[in-house]
Amino acid sequence: MTMWLPALLAALLIGGVSLPAMAQSAVQPEITSQKDAQRTIDEYRVNGKLYAIRIAPRHLKSSGKNSNEDGGETYFFYDDSGDGDFKRVEASSVPVPDWVQNE
């Protein structure tokens, strides 16, 4: 009987640690897209607040995942602090900043 007690305690500890992580829901942005001949522009919003704009060139090379024929890459304009100052970020994704979730 005392042999299974450590295993039971370990299982309860592991389960207790993972429950808060499962209870938290990931914030999903609302994404609106506009396309023209040169690019696709995606706007990322949470709670109606614009925090990122993704620019994706239209013509992608088959050899380069994020490069177009002219060497351009997919990038973001990202406002990480909520001050309206969008900075260019060379990345495949950006996180939802805390400032859009706090209302």
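How many helices and strands does the chain have? The chain has two helices and five strands, where helices (H or I, at least four residues) and strands (E, at least two) are DSSP runs numbered from the N terminus. Please note that this is a predicted model, in which local features need pLDDT of at least 70, side-chain atom pairs count only at pLDDT 80 or more, and totals for chains, interfaces and linings use all residues. Residues are numbered from 1 along each chain as its sequence is written, and side-chain values use heavy atoms, without hydrogens and water.

Along the sequence, the pattern reads α-β-β-β-β-β-α. The five strands form an open sheet in the order β1-β2-β3-β4-β5, with antiparallel pairing; two strands pair if DSSP finds at least two bridges between them. At the edges stand β1 (30-35) and β5, each pairing on one side only.

I turn now to the individual pairings. Strand β2 (residues 39-46) is joined to β3 by eight bridges in the antiparallel sense, and Val46 has Lys49 in β3 as its bridge partner. Four bridges link β3 (residues 49-57) with β4 (residues 75-78), again antiparallel; here Ile53 lies opposite Phe77 in β4. Between β4 and β5 (residues 87-89) there are three bridges, also antiparallel, and Tyr78 stands opposite Lys87 in β5.

Finally, the chain as a whole. Of its 103 residues, 22% count as buried, meaning under 20% relative accessible area with a 1.4 Å probe, protein chains only. Among contacts (heavy atoms within 4.5 Å) between residues at least 6 apart in sequence, 22% join residues at least 24 apart.

How values were computed. Buried < 20%, exposed > 50% of the residue type's maximum accessible area, 1.4 Å probe, protein only.
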